[in-house]
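Let's take a look at a structure that may be new to you. Have the sequence and the 3D view ready, and we'll go through a few helices together.

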Amino acid sequence: MSLSVVVLISGSGSNLQALIDQSLKGKLDITIKAVISNKADAFGLARAVQANVPTKFINHKDFSTREEFDSELQKAIDQHQPDLVVLAGFMRILTEGFTRHYDGKMLNIHPSLLPKYKGLNTHQRAIDANENEHGVSVHFVSAELDAGAVIIQAATEIAENDTADSLSKKIHTLEHTIYPLAIKWISEKRLAYASGKVMLDSELLPETGIRYHQDLN
Ligand code: GRF
């Protein structure tokens, strides 16, 4: 049976688009039940509408505490009873209760080779630190920001003339490959998660997850 998914966004939604495209091509067996945004003008909402996916906007500014917003968000998500919640550029810090509710059922994509560069401005920080490479990680969401168990990472070299912008473009291309791949493994029941550990095809993954290479499928 198709994996049912709710996607949370705040912006452009190019990762959402990658999921929609892979699913339309029959390469990813998911049903996106809803796309929820905390920004009314998130372009990802238009992408969802275009793909006939129901959308919802919940303005975090309408709530005086994080708990109240997260509780409303939780209600909106749980109405669809998804197998998986996918954070795709959802720019909110989540409460512990919310993350616990979706333990092992919520993924995020973070533009760095975790555990390096948690938080924001990762591309510029990697350049400023004279790193040779930079990348992106797909991980389960835990209460601590960008600290949950990593499933897969993809890396690219940082060229001498790279800027935060050029690096961001390269990383986005990698994102559009590894996020659908991680979700495919879940839909195929090849990925198992328990107590902060991830197994792929019954093999325990290292703390930095599996490193993407072209033969992975
Ligand atoms: C990506 O860089 C992702 O790694 C980060 O937010 C950005 C979302 O991009 N979490 P998009 O909205 O999917 O284009």
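What follows is a short tour of a pair of packed helices and then of one more helix.

## Before we start

Keep in mind that this is a predicted model.

## How H1 and H6 meet

Let's begin with a pair. Two packed helices are described by the angle between their axes and the distance between the axes. Here, helix H1 covers residues 14-24 and helix H6 covers residues 164-187; they pack at an angle of about 50°, and their axes are 9 Å apart. Angles under 35 degrees count as roughly parallel and 65 to 115 as roughly perpendicular, so H1 and H6 are oblique to each other. Their crossing is right-handed.

Who does the touching? On the H1 side you'll find Ser 14, Asn 15, Ala 18, Leu 19 and Gln 22. H6 brings His 172, Glu 175, His 176, Tyr 179, Pro 180 and Ile 183 to the contact. Sort the residues where H1 meets H6 by type and you get five nonpolar, five polar and one charged.

## The two sides of H2

Now on to helix H2, residues 43-50. Which of its residues are buried? They are Gly 44, Leu 45, Arg 47 and Ala 48.

One last stop comes just after H2, where Asn 52 takes a positive phi of about 60°.

Key. Residues are numbered from 1 along each chain as its sequence is written. This is a predicted model: local features need pLDDT of at least 70, side-chain atom pairs count only at pLDDT 80 or more; totals for chains, interfaces and linings use all residues. Side-chain values use heavy atoms; hydrogens and water are left out. Axes are lines fitted to C-alpha atoms, for helices over the stretch in contact, and angles run from 0 to 180 degrees between N-to-C directions. Helices (H or I, at least four residues) and strands (E, at least two) are DSSP runs, numbered from the N terminus. Angles under 35 degrees count as roughly parallel, over 145 as roughly antiparallel, 65 to 115 as roughly perpendicular and the rest as oblique. A crossing is left-handed if the near helix is turned anticlockwise from the far one by less than a right angle, and right-handed if clockwise. Contact means heavy atoms within 4.5 Å. Ala, Val, Leu, Ile, Met, Phe, Trp, Tyr, Cys and Pro count as nonpolar, Asp, Glu, Lys and Arg as charged, and the others, Gly among them, as polar. Buried means under 20% relative accessible area, exposed over 50%, partly exposed in between (1.4 Å probe, protein chains only).
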